[in-house]
Amino acid sequence: MTPKISVNIGKLKLKNPVMVASGAFGYAEEFKGFLDLKGLGALVSKTITLKPRQGNPAPRTCETPAGMLNSIGLENPGVEKFIKEKLPILKKIGVPVIVSIASEKDPDEFVTLAKRLDKIKEVNAIELNISCPNIKPPAAGRQPPAENSQSLISQDPKATYSIVERVRKATKKTIITKLSPNVTDIVEVALAAESAGSDAVSLINTLTGMAIDITKRAPKIASVTGGLSGPAIRPVAVRMAWEIAQKINIPIIGMGGIIDASSALEFFIAGATAVSVGTANFVNPGITAEIISGIKKYLIKNNIKDIKSLVGSLNI
């Protein structure tokens, strides 16, 4: 038996449900010597902004128990240079390209970016990164309303709805809204994204964390706090994917601490249609290929003909 592992995310047709997470796979060229990139379900670009960003000061990363902290600060070349220099490389690989976008100051930047990318046929879908925790807020006394702060957009269902609705009007491409775990009720935010026209949600982005060098009595990363990723956050991610799956009717892309086929399968059983692999790529650059193979073996072993029948099959 050869199980069927293709899935649909909006207009996207993926030959398998395993993709790589934004920011954890560079622009793919860095990994071509470690696995067959054509075997991936999709590629998600590093998040891009309208203008180039240098990102946050170093040190930007540190290891933590069963994970890592990062505060890269969305370093990227800007949308025009990305389209000219990076997108052609990604397109040559031959798998769907999902471009992750973010605003720096004004939420109108999401709309501007979406309109720009809507004209580019090589872009198959757009991920709205409304949940990056590593962009510094404005100075005290100049704090804008929630809809003008990226970290706050993802915490406010109304602001999330507003951004997704406006982007939906700006593009016909598949929209995936990336959700933050740093909220009181992630289900409420997911419902807002769905109602506004998002074709799917991806979750979770990193948890806000901190690590201290006790010798120096100083933070281990320059920006003090950063995003916690890796196996340590997987139970939180699986729980949130399961909660959301009970309430929404659009696909979920599960992420957060996936390190092997078993941990990926948790997300499918919880209700995810696809998964995205992040931090594990730093440990094992060929891990995505191993996960795809492991999923196939699991389906064959359990006589499951189509991975869709595994989605949301949790026994309670």
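Strands, in the sense used here, are DSSP runs of at least two residues marked E, and they are numbered from the N terminus. In this predicted model, Pro-59 lies in the loop between strand 4 (42–44) and strand 5 (61–64), and the peptide bond that joins Ala-58 to Pro-59 is cis, with an omega of about -5 degrees.

Another backbone feature is found at Arg-217, which has a positive phi of about 55 degrees although it is not a glycine, and which sits in the loop between strand 12 (212–213) and strand 13 (218–219).

Turning to the helices, helix 4 (residues 157–170) packs against helix 5 (residues 186–196) at an angle of about 25 degrees, their axes being 8 Å apart. Because angles under 35 degrees count as roughly parallel, helix 4 and helix 5 are roughly parallel to each other. Helix 4 passes helix 5 in a right-handed crossing, and the residues in contact include Tyr-161 and Val-164 of helix 4 together with Val-189 and Ala-192 of helix 5. Sorted by class, this contact has seven nonpolar, two polar and three charged residues.

The largest pocket has a volume of about 650 Å³. Its lining comprises 34 residues, of which Ser-22, Gly-23, Ala-24, Asn-70 and Thr-206 lie nearest the centre of the pocket. Strand 6 (67–70) and helix 8 (280–283) each supply at least two residues of this lining, which divides by class into 14 nonpolar, 17 polar and three charged residues.

Notes: Residues are numbered from 1 along each chain as its sequence is written. This is a predicted model: local features need pLDDT of at least 70, side-chain atom pairs count only at pLDDT 80 or more; totals for chains, interfaces and linings use all residues. Side-chain values use heavy atoms; hydrogens and water are left out. Axes are lines fitted to C-alpha atoms, for helices over the stretch in contact, and angles run from 0 to 180 degrees between N-to-C directions. Helices (H or I, at least four residues) and strands (E, at least two) are DSSP runs, numbered from the N terminus. Angles under 35 degrees count as roughly parallel, over 145 as roughly antiparallel, 65 to 115 as roughly perpendicular and the rest as oblique. A crossing is left-handed if the near helix is turned anticlockwise from the far one by less than a right angle, and right-handed if clockwise. Contact means heavy atoms within 4.5 Å. Ala, Val, Leu, Ile, Met, Phe, Trp, Tyr, Cys and Pro count as nonpolar, Asp, Glu, Lys and Arg as charged, and the others, Gly among them, as polar. On a 1 Å grid over the protein atoms alone, a cavity is a set of points where a 1.4 Å probe fits but cannot get out, and a pocket is an open set with protein on both sides within 12 Å along at least five of seven lines; lining residues have an atom within 4 Å of a point. Grid points are joined across faces, edges and corners, and a volume is the space filled by probe spheres set on the points.
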